[in-house]
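Please look through the sequence and the structure shown here before reading on. The paragraphs below go through the sheets, the helix packing and some points of backbone geometry in turn.

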Amino acid sequence: MRQHRTPRLLCTLLLVTAAGVSAVGAAPQAADRDDAGPIRVVPAPASVEPGGSPYRITEGTRIRVDDSPEGRRIGGYLADVLRPSTGHRLPVTTHGSGGIRLRIGQAPVGAEGYRLVSGRSGVTITARRPAGLFHGVQTLRQLLPAAVERDTVQPGPWRVAGGTITDSPRYGYRGAMLDVSRHFFTVDQVKRYIDQLALYKINKLHLHLSDDQGWRIAVDSWPRLATYGGSTQVGGGPGGYYTKAQYKDIVRYAASRYLEVVPEIDMPGHTNAALASYPELNCDGVAPPLYTGTAVGFSSLCVDKQVTYDFVDDVVRELAALTPGRHLHIGGDEAHSTSHADYVAFMDRVQPVVARYGKTVVGWHQLTGTTPAKGALAQYWGLDGTSAAEKEQVAAAARNGTGLVLSPADRVYLDMKYDKDTPLGLSWAGYVEVRRSYDWDPGSYLPGVPASAVRGVEAPLWSETLSTSAHIERMAFPRLPGVAELGWSPASTHDWDDYRVRLAAQGPRWDALGIGYHRSPQVPWPAG
């Protein structure tokens with residue numbers, strides 16, 4: 001029977017499950033002493049039922065899958081993860097018994113949920129949909145020793161704790177944003193980040209594709225956006241852009257990890273790269289120079305010109321055709337050079353364009369100062385100290401049907417410095433250590449917002465000071481998994497003292513994966 005635990009009881013169960021100990025502390029049976037170690041999973045599962053002996057992966061283990069393309073693909077993905085470190089063949093097959101069984105079928109979980117049952121004879125992961133099966137595989141990875149993530153043969157043994165995990169997400173929108181405009185990141189760099197997001201069951205990759213410093217996606221009808229507008233970046237580097245084929249490659253790769261790409265074209269502000277590429281988009285018809293600084297709020301599309309809306313229509317049409325996901329982000333933040341009346345007029349004309357091409361509008365929370373389209377999502381990026389009036393504007397829109405994605409900058413902006421000595425990042429929203437990024441509740445964060453209006457959370461990573469994958473990883477880890485847990489795990493599991501122990505156990509896994517992370521003093525990292 002599924003059991004919901006209080007936070008501290010859940011922590012206790014996570015620690016005893018691997019030894020096959022009952023919840024009341026009975027001694028393990030002799031057959032159960034083949035200890036797989038404590039279960040320390042991030043995000044915290046919805047339900048953990050301890051019991052039974054662990055399963056050991058050996059040379060004879062097979063990965064059994066349903067005879068479906070998705071089942072075979074997920075089985076192949078799991079084999080690719082396990083083979084290098086275990087040295088085992090791990091054939092993926094639709095026949096046999098025992099081993100690791102991946103099943104898509106009836107399960108007491110939602111579309112992204114799964115049930116994992118482990119015992120001496122094998123491990124079975126059952127899910128209603130492929131996404132849930134994939135998420136269950138991520139949990140299985142964390143149930144194995146961290147060395148399983150290495151790309152050379154390790155000594156093992158490879159034990160999976162006995163017990164049952166029944167799990168599904170709290171929110172359907174669990175996102176991370178990567179700013180590829182301030183500094184450009186290659187397809188391979190984006191794919192590396194996608195793999196890291198997938199490990200923590202994040203299901204949205206928000207790509208910030210345009211800004212003052214660079215335009216990063218090819219648009220056939222306005223080619224200079226990419227070739228000229230994408231030719232630089234912060235500090236004056238060479239910049240870059242994605243061809244349509246490269247963008248589709250990113251989208252396909254993300255989909256193989258069950259992430260939806262949410263593309264963003266920021267407007268009417270943050271548009272200098274576009275304005276520099278096409279003079280006619282400026283009210284005076286004069287193109288400004290390309291921009292490589294970091295100041296904000298100085299640029300704006302010309303709201304009164306029809307060519308502006310021809311431009312928007314073309315860009316949205318071409319980008320929507322490349323993007324199978326349902327969401328398209330139109331930005332809308334820091335439009336300080338656009339009057340409020342012009343901003344409202346612009347959004348009133350642009351939101352229907354997004355709908356015309358079959359997408360749902362997402363905008364930064366300034367969108368709530370207009371009339372958000374039916375079904376639109378507003379992404380809140382304010383601070384704890386944001387004015388009550390601004391918060392109430394967002395809350396009023398939420399009460400009127402606008403969904404919210406929460407990204408409070410002084411909680412989950414991953415580019416904020418951890419402390420004054422952090423060499424990367426910014427600090428305009430303050431310093432954000434690991435506990436601060438984790439220790440808040442999306443369901444009650446904004447006063448006056450119905451809990452039902454909160455669609456999820458997103459961790460943005462702006463790149464003014466970041467230009468390499470190592471930079472991304474240093475700022476994202478260890479904070480990113482905490483945001484993922486806020487989006488996935490039940491509120492009842494939320495407990496800092498429990499979480500910091502589970503988070504510490506991720507350190508050796510990141511070492512094995514080659515992820516360079518910030519060793520926050522708030523987390524009891526394992527020695528060595």
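Two strands are said to pair if DSSP finds at least two bridges between them. In this predicted model, strand β6 (residues 114-119) and strand β7 (residues 122-127) meet that condition with five bridges and run in the antiparallel sense. At one of these bridges, Gly 119 has Gly 122 of β7 as its partner.

Both strands belong to an open sheet of seven strands, in which the order is β1-β9-β6-β7-β5-β3-β4 and the pairing is mixed. The edges are taken by β1 (47-50) and β4 (92-93), each of which has a single partner strand, so one side of each is left without a neighbour in the sheet. Across β3 (63-65), β4 and β5 (99-104) lies helix α2 (residues 69-86), which runs at about 150° to β5.

Within this sheet, Leu 116 has its place in strand β6. Is Leu 116 buried or exposed? Its relative accessibility is 2%, and because buried means under 20%, Leu 116 counts as buried. Leaving aside residues up to four places away in sequence, Leu 116 touches a set of residues that includes Val 123, Thr 124 and Ile 125, and also Gly 136, Leu 140, Leu 143 and Ile 165. Leu 426, by contrast, is 310 residues from Leu 116 in sequence and 41 Å from it in space, C-alpha to C-alpha.

Strand β17 (residues 377-380) pairs with β18 in the parallel sense over four bridges, and Leu 377 has Gly 403 as its bridge partner in β18.

Turning to helix packing, the axes of helix α8 (residues 306-322) and helix α9 (residues 340-356) come within 10 Å and cross at roughly 30°, which makes α8 roughly parallel to α9. The crossing is right-handed, and the residues making the contact include Tyr 309, Val 312 and Val 316 of α8 together with Phe 346, Val 350 and Val 353 of α9. For helix α14 (residues 479-488) and helix α15 (residues 496-504), the axes come within 11 Å and cross at roughly 130°, and α14 and α15 are therefore oblique to each other. Here too α14 passes α15 in a right-handed crossing, with Pro 481, Gly 482 and Glu 485 of α14 in contact with Tyr 499, Arg 502 and Leu 503 of α15.

A cis peptide bond, with omega about 0°, joins Val 42 to Pro 43, and Pro 43 lies in the loop between α1 (7-16) and β1. The peptide bond from Phe 477 to Pro 478 is likewise cis, with omega near 20°, and Pro 478 is found in the loop between α13 (469-476) and α14. Leu 90, in the loop between α2 and β4, has a positive phi near 50° although it is a residue other than glycine, and at 0% relative accessibility Leu 90 counts as buried.

Definitions and conventions. Residues are numbered from 1 along each chain as its sequence is written. This is a predicted model: local features need pLDDT of at least 70, side-chain atom pairs count only at pLDDT 80 or more; totals for chains, interfaces and linings use all residues. Side-chain values use heavy atoms; hydrogens and water are left out. Helices (H or I, at least four residues) and strands (E, at least two) are DSSP runs, numbered from the N terminus. Axes are lines fitted to C-alpha atoms, for helices over the stretch in contact, and angles run from 0 to 180 degrees between N-to-C directions. Angles under 35 degrees count as roughly parallel, over 145 as roughly antiparallel, 65 to 115 as roughly perpendicular and the rest as oblique. A crossing is left-handed if the near helix is turned anticlockwise from the far one by less than a right angle, and right-handed if clockwise. Contact means heavy atoms within 4.5 Å. Buried means under 20% relative accessible area, exposed over 50%, partly exposed in between (1.4 Å probe, protein chains only).
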